Amino acid sequence: MIDGNLIPIVLFLCITYAIKSVIDARFRQKMVGVGGSEELIRSILQGEEVRRRHASLRWGIILVALAAGFAIIQQSDWHELTPGMIAVLAGATGLGNLVYFAIARKLS
């Protein structure tokens, strides 16, 4: 069952994403309209693509690490929220960020 508090949060995130998309499109349109060099536009678009890929890679690694953390919690048969459970999840998140950092460094 969906909690009633979740709907406004999701709505806010959707509106924020829509506004960001419109602003990015307007920025690109103005950049082309002003007559920016083709090389500058291409390099900006390639930079955005690399950032987007890295963001996907980062979140993918973090979510896999968190899934591993939840699997450890499930295997340990913990049912109540304890500092150990939070430590496992925080450690999994940190480990995911470190793995992303190492992979991103090799890609660059």
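Modeller: In this predicted model, helix H1 (6–34) and helix H2 (38–75) each supply at least two residues of the lining of the largest pocket. H1 gives the largest share, five residues. The lining is made up of Tyr17, Lys20, Ser21, Asp24, Arg28, Glu48 and Arg52. By class, these residues divide into one nonpolar, one polar and five charged. The space in this pocket amounts to about 180 Å³.

The axes of H1 and H2 come within 11 Å and cross at roughly 160 degrees. Because angles over 145 degrees count as roughly antiparallel, H1 and H2 are roughly antiparallel to each other. The crossing in which H1 passes H2 is left-handed. On the H1 side, the contact is made by Arg28, Met31 and Val32, and on the H2 side by Ile41, Ile44, Leu45, Glu48 and Arg52. The residues of this contact comprise five nonpolar, no polar and three charged. Arg28, Glu48 and Arg52 take part in this contact, and Arg28, Glu48 and Arg52 also line the pocket.

H2 has a further partner in helix H3 (residues 83–107). Here the axes lie 8 Å apart and the packing angle is about 150 degrees, which makes H2 roughly antiparallel to H3. H2 passes H3 in a right-handed crossing, whereas H1 passes H2 in a left-handed one. From H2, the residues that meet H3 are His54, Leu57, Arg58, Ile61, Ile62, Ala65, Leu66, Gly69, Phe70, Ile72 and Ile73. From H3, their counterparts are Met85, Val88, Leu89, Ala92, Thr93, Gly96, Asn97, Val99, Tyr100, Ile103, Ala104 and Leu107. The contact of H2 with H3 divides into 17 nonpolar, five polar and one charged residue. In the lining of the largest pocket, by comparison, there are one nonpolar, one polar and five charged residues.

Asp77 is placed in the loop between H2 and H3. Most residues other than glycine have a negative phi. Asp77, although not a glycine, has a positive phi of about 60 degrees.

Terms used
Residues numbered from 1 in each chain as written. Predicted model: local features only at pLDDT ≥ 70, side-chain atom pairs only at ≥ 80, totals over all residues. Heavy atoms only, no water. 1 Å grid on protein atoms, 1.4 Å probe; cavity = no way out; pocket = protein on both sides within 12 Å on 5 of 7 lines; lining within 4 Å. Points joined across faces, edges and corners; volume = space filled by probe spheres on them. Helix = DSSP H or I, 4+ residues; strand = E, 2+ residues; numbered from the N terminus. Nonpolar A, V, L, I, M, F, W, Y, C, P; charged D, E, K, R; others polar. Axes fitted to C-alpha atoms, helices over the stretch in contact; angles between N-to-C directions. Parallel < 35°, antiparallel > 145°, perpendicular 65-115°, else oblique. Left-handed = near helix turned anticlockwise from the far one by under 90°. Contact = heavy atoms within 4.5 Å.
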